[in-house]
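Here is a friendly note to read alongside the model. Take the points in order, with the structure open beside you.

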Amino acid sequence: MTTYSSLSDLGLDKYSLRSLHTFAMPVKASNIIWAENIEQILIARQQSEQKNEPFLLLGEGSNVLFLTDFAGTVVFNRLRGITIEEGKQDWFIHAAAGENWHNLVCYLLEKGIKGLENLALIPGCAGSAPIQNIGAYGVEFKDVCNYVDIVNLKNGQQQRLLNAECQFSYRDSIFKHKYHKDYAITAIGLRLTKLWQPKICYGDLKSLDHSIITAQAIFDSVCKIRRSKLPDPKLLGNAGSFFKNPIVSANTAKELLKAYPDAPCYNQSNGTVKLAAGWLIEQCQLKGYAIGDAAVHEQQSLILINRGNASPDDIVALARHICSTVSYHFSINLEPEVRFIGAQGECNITEVLL
Ligand code: FAD
Ligand code: EPU
């Protein structure tokens, strides 16, 4: 477990969370711990309960907005270890929750194990991937997930959930609901077929030649596209897409297309239609719009950035303005994808944005 003294040795403020999450908000925690095994997570949680203080488990902090200082212990999950088993038709991978997702993608690709290339460069830990069912360029975590291992933080009981039990859907899973507050994800299991087929149906990848395409070429293209559109959190604080893409009825989409024939619309299997929140925001002339140092990213309107000294209030005010403007112009409600963390723990986003 990394201790306070080692942080001080590095010249860092031992309570500051600023460099420990990608939005880089100027906030602190009462206590910060890096847990390298399940026992350490359980002890930290128990100690928080004894002190009647809040407890927050994070991976790499790439999908959170701290609204203020956190009044308790933040535990960074650093459980490590990857094992690979070869089956007849599939590769079976077990990765501890604290492994970095992108490193896992690269590690497997180097070994000739394909299937994660579309999900390259998504920040965060492997164990966080199931929570919002990470997705990009036509692939979602649910497409490669075999199982998710969790531990009950109250009694230490461990459990394995198979893919079908995880209730995966667009940016959602059972880990945001039933297995949220009192559970930690400790590992994930992936199943990657040896009969690999390229997935290049997503807009930006469509131009690749299906007959000669390799997993490495898809990986390279995805990395190139992402680097051209998405701000690097090391240089510009952000948490990826701030809002989810709204899913509307076929009728709503039809009305939108009447007025805006070029509006991006993606038909879903259940008859609903996914719209592009970034497009809606751009249509409202909000690209580049700023409140203090919080701004709508110039290359991708779905991303809110911290230009340096944005406060949580600036980001919330900007998000509120975007929601009300999009609602006024299109009668469509945007819902944040980013998780809002207050002094005592996760907050109800709707209440914060009211
Ligand atoms: P954190 O931000 O640390 O945590 C997120 C939530 O999960 C918190 O509520 C936390 O309490 C909880 N949590 C974390 N670890 C555990 C655990 N072990 N057990 C239980 N709960 C836990 N997402 C996509 O889906 N697709 C993208 O293309 C994408 N691109 C991005 C690009 C950028 C530049 C950025 C900054 C983010 C992007 N994201 C994307 C969002 C983000 O990368 C994912 O949501 C990622 O899975 C978050 O991982 P994390 O470890 O940083 O989670
Ligand atoms: N668009 C605009 N203006 C913008 C942004 C987008 O017109 O400012 C249009 C694009 O031209 C395109 C459509 O909207 O026609 C979709 O844009 P893009 O392909 O960039 O994807 P997105 O819908 O904005 C989603 C995910 C990303 C993921 C990409 C690629 C959500 C909320 N976001 O973004 O995930 O990387 O697709 O698959 O679903 C994240 O979740 O944090 C994230 C970055």
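1. Of the 24 residues around ligand 2, Y137, Y170, Y202, E282 and E337 come nearest; a residue is near a molecule or strand if one of its heavy atoms lies within 4 Å of it.

2. A word on the basis of these values. This is a predicted model, in which local features need pLDDT of at least 70 and side-chain atom pairs count only at pLDDT 80 or more, while totals for chains, interfaces and linings use all residues. Residues are numbered from 1 along each chain as its sequence is written, chains are lettered from A and ligands numbered from 1 in the order in which they are written, and side-chain values use heavy atoms, with hydrogens and water left out.

3. Which polar contacts does ligand 2 make? A polar contact is a pair of N or O atoms within 3.5 Å; within protein, one must be able to donate a hydrogen and the other to accept it, and residues adjacent in sequence count only if both atoms are side-chain atoms. A polar side-chain atom of E282 is 2.6 Å from a nitrogen atom of ligand 2. On its own ligand 2 exposes 820 Å², and the protein buries 82% of that; accessible areas come from the Shrake-Rupley method with a 1.4 Å probe, and for residues only the protein chains shown count as cover.

4. Elements giving two or more residues to the shell around ligand 2 are β7, α4 (215–229), β12 and α6 (277–283). Of these, α6 gives the most, with three residues. Helices (H or I, at least four residues) and strands (E, at least two) are DSSP runs, numbered from the N terminus.

5. Now turn to ligand 1. Among the 32 residues around this ligand, L57, G59, S62, S128 and R226 come nearest. Its shell has 16 nonpolar, twelve polar and four charged residues. At least two shell residues come from each of β2 (55–58), β7 (135–136), β11 (183–193) and β12 (237–241).

6. For a polar side-chain atom of S128 the distance to a ligand oxygen is 2.7 Å, and for a polar backbone atom of P123 it is 2.8 Å. Ligand 1 has 980 Å² of accessible area on its own, of which the protein covers 93%.

7. Next, a five-stranded sheet. The strands form an open, antiparallel sheet in the order β5-β6-β11-β9-β10; two strands pair if DSSP finds at least two bridges between them. Because β5 (82–86) and β10 (158–162) stand at the edges with a single partner strand each, one side of each is left without a neighbour in the sheet. From one strand to the next the twist averages 20°.

8. Within this sheet, five bridges pair β5 with β6 in the antiparallel sense, and E86 stands opposite W91 in β6. A hairpin of three residues joins these two strands. Seven bridges link β9 (residues 145–152) to β11, again antiparallel, with Y147 partnered by G189.

9. Finally, a three-stranded sheet is also open and antiparallel, in the order β13-β15-β14. Here β13 (247–248) and β14 (265–267) are the edge strands, each with a single partner, so one side of each has no neighbour in the sheet. Two bridges pair β13 with β15 (residues 273–275), where V248 stands opposite V273.

Terms used
Ala, Val, Leu, Ile, Met, Phe, Trp, Tyr, Cys and Pro count as nonpolar, Asp, Glu, Lys and Arg as charged, and the others, Gly among them, as polar. Axes are lines fitted to C-alpha atoms, for helices over the stretch in contact, and angles run from 0 to 180 degrees between N-to-C directions.
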